[in-house]
Amino acid sequence: MKKIQVNSRIFPELDPGFVPAALWNREYRKLAASESDSIDIAITLERANGAVSRFDSKLLADTEENLPLNFRYVERIVKFMLWAFGGKTVTVAGAPLVAAELAKVYSADGQRAFDYQVMGERIYGGKFEVRSCAYADAMPEKKISVKLGGNFEGCRIGFDLGGSDRKCAAVIDGKAVHSEEVVWDPYFQKDVNYHREGILDSLRRAAAKLPRIDAIGGSAAGVYVDNQPRIASLFRGIPEADFKSKVQPIFLEIAKEFPGVPFVVLNDGEVTALAGAVSLEKNALIGLAMGTSEAVGYVTPEGNLTDYLNELAFAPVDYREDNPPKDEWSGDAGVGAMYLSQQAVGRLVKPAGFDFPEGTALPEILKLVQKARSENDPRASAIYRSVGVYLGYAIAHYADFYDLENLLLLGRVSSGEGGNEIINEAAKVLKEEFPELNVVIHIPDETFKRHGQAVIAASL
């Protein structure tokens, strides 16, 4: 049976088992290109609004012998595309054996039942399907984009809801006159009133600093449709039976407290990307916030947002087969949240040589690592360099799917000198492994890094 051998030039020093998705896929494509009987395939994802995302590739012959390798290649790409772009119908064009196997895995009782349920009923309100067709019958790509943000005039409130704190800013004609950060612990709260009252408290504090309120904009982790969360880590503690009745309308109810005021909530990654486009005056940009989880947004080369999900916390970046780190929520392994967030720092503290008390929360672990880095502790630097290697290879992987020229790095993990080490290591990976890419990594100042999302959210 054919195998893929990956030879990385740069390893994360605290995690030498890491197998970059970008390198694995590159080696697979080389193998497929070298075989005389390789075939053309297309993977398409259809969304409820008629948009279609498409990915074309060469594949080894669609035979039983090649099925394990072909399936691993296609399944990981499908998983990435689902969380990058979204879709309720996946079609594999040109490889019926792979499509049949994929349909088994992405089913109600399959290994990817989480994705089946979330992409079907939760986000798109219908049954999730995997189909097969001939390559010639594959649907063409159809993109949808929208211009949002950039509305700075008047008196506005912007908020950003994270897993360990919530930020809120009062803005007058684009200038912040109030910015506040409040620690909270929303992840496993079982009463949605905890979230509702916390958000309202921040909004009221900001409102008190303004002569009037012309608009309110917010950012939060998750997928939002018409200001309603369809899946959001902030509300993971709410019982599933209560999600539709209590969580989905939460922002609609909060908006009623400010009658007549336009109110918009977007995925926090989208706001990160907007922040990058506004502050850097650059497009073709991914905004990536390394916080409690990984939040990602994308601005097209034309400066628009898309209908993509950009939930790359669930998208695979590590293809190792030997005990990869597993995301406890989705049940999948090797996905972005485990490498580009506080969870990555939490994983790496023991290999680095730190011995924090059992049960220390991730935000506290990050603070301790940041303190150690400020004291020039080499163990902390090793953590940041390892995260930087993850980031460099992840950027190269993202460039296979996005038209990408710029990356804005935000979030608590990127704060301080550790953030510079992350960027330096990521840039090294890109230069040595992917010289053909021309992606520039940007990092804002500390104030913007911590509060920029809330300020930009006010412009929505």
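E46 stands opposite V52, a residue of strand 2, and the two strands concerned, strand 1 (residues 39-46) and strand 2, pair in the antiparallel sense over eight bridges. The model is a predicted one, in which local features need pLDDT of at least 70 and side-chain atom pairs count only at pLDDT 80 or more, while totals for chains, interfaces and linings use all residues. Residues are numbered from 1 along each chain as its sequence is written, and side-chain values use heavy atoms, with hydrogens and water left out.

Strands of a sheet pair through backbone hydrogen bonds, either parallel or antiparallel. Four strands form an open sheet of mixed pairing, in the order 2-1-3-4. Its edge strands, each pairing on one side only, are strand 2 and strand 4 (129-133), and the twist from one strand to the next averages 20 degrees. Helix 2 packs on this sheet and touches strand 1, strand 2 and strand 3 (89-93), its direction making about 160 degrees with that of strand 2; such angles run from 0 to 180 degrees between N-to-C directions, the axes being lines fitted to C-alpha atoms, for helices over the stretch in contact.

Between strand 2 (52-59) and helix 2 (67-84) runs a loop that holds N66. N66 has a relative accessible area of 7% and therefore counts as buried, a word that stands for under 20% relative accessible area, with exposed for over 50% and partly exposed for values in between (1.4 Å probe, protein chains only). When its neighbours within four places in sequence are left aside, N66 is in contact with K2, L60 and A61, contact meaning heavy atoms within 4.5 Å.

Side chains of opposite charge can pair when their charged atoms come close. The structure holds 37 salt bridges, each being a side-chain nitrogen of Lys or Arg within 4 Å of a carboxyl oxygen of Asp or Glu. In one of them the side chains of K79 and D332 meet at 2.5 Å, N to O, and this pair links distant parts of the chain, 253 residues apart, with K79 in helix 2 and D332 in the loop between strand 15 (305-306) and helix 9 (342-352). K79 is buried at 0% relative accessibility, and D332 is buried as well, with a relative accessible area of 4%. Both residues belong to a network of salt bridges that links E75, R76, K79, R112, D115 and D332.

Another salt bridge joins the side chains of R412 and D165 (2.8 Å, N to O). R412 lies in the loop between strand 16 (406-410) and helix 12 (416-433), and D165 lies in strand 7 (residues 165-172), so the pair ties together parts that are 247 residues apart in sequence. R412 counts as buried at 19% relative accessibility, and D165 is buried at 3%.

The next region to follow is strand 13 (residues 285-290), which is largely enclosed by the rest of the structure because six of its six residues are buried. In a regular strand the side chains alternate between the two faces of the sheet. From strand 13, L285, G287 and A289 point one way, whereas I286, L288 and M290 point the other way. A hairpin of three residues joins strand 13 to strand 14, and strand 13 pairs with strand 14 (residues 294-299) in the antiparallel sense over six bridges, with A289 opposite A295. With strand 16, strand 13 pairs in the parallel sense over five bridges, and there the bridge partner of G287 is L408.

In soluble globular proteins, nonpolar side chains tend to be buried together. Not counting residues up to four places away in sequence, Y398 touches F80, I286, L288, E294, L312, V317, L340 and L404.

Notes
Pairing = 2+ DSSP bridges.
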